Amino acid sequence: MSLFKLIIIILLLFVVGSLFSALYFLVKDPSTSKRVVRSLSWRIALSLFILLLLVAGIQFGFIVPHDVGG
């Protein structure tokens with residue numbers, strides 16, 4: 001497995017962790033807390049960063065897409 005794919009997998013794990021931390025903060029924190037919003041904002045930012053990395057990886061040849069069912 002290449003280093004690029006490993007970085008993508010690690011970032012995806014951070015996205016899932018951020019999602020679960022937002023769920024925890026939603027259940028446990030008072031309604032005036034901003035931690036849920038902050039956690040979900042991190043999830044969105046990480047997801048966009050992963051998308052940009054995937055596009056850059058395809059453009060520079062780090063990831064080779066393949067046709068499905070063609």
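This report describes the fold, surface and charged contacts of a predicted model.

## Basis of the model

In this predicted model, local features need pLDDT of at least 70 and side-chain atom pairs count only at pLDDT 80 or more, while totals for chains, interfaces and linings use all residues. Residues are numbered from 1 along each chain as its sequence is written, and side-chain values use heavy atoms, with hydrogens and water left out.

## Overall form

The chain contains two helices and zero strands; these are DSSP runs, numbered from the N terminus (helices: H or I, at least four residues; strands: E, at least two). Its C-alpha trace spans about 50 × 25 × 20 Å along the principal axes.

Of the 70 residues, 21% count as buried (buried means under 20% relative accessible area, exposed over 50%, partly exposed in between; 1.4 Å probe, protein chains only).

## Nonpolar patch

Leu-3, Leu-6, Ile-7, Ile-10 and Phe-14 make a nonpolar surface patch of about 490 Å². Patches consist of residues with over 30% relative accessible area and no salt bridge, with nonpolar side chains (Val, Leu, Ile, Met, Phe, Trp, Tyr) joined within 5 Å and like charges within 9 Å. Phe-14 lies in helix 1 (residues 3–28) and is exposed, with a relative accessible area of 52%.

## Salt bridge

The structure holds one salt bridge, defined as a side-chain nitrogen of Lys or Arg within 4 Å of a carboxyl oxygen of Asp or Glu. The side chains of Arg-35 and Asp-29 form this contact at 2.8 Å, N to O. Asp-29 is buried, with a relative accessible area of 17%, whereas Arg-35 is partly exposed at 35% relative accessibility.

Note on methods. Accessible areas come from the Shrake-Rupley method with a 1.4 Å probe; for residues, only the protein chains shown count as cover.
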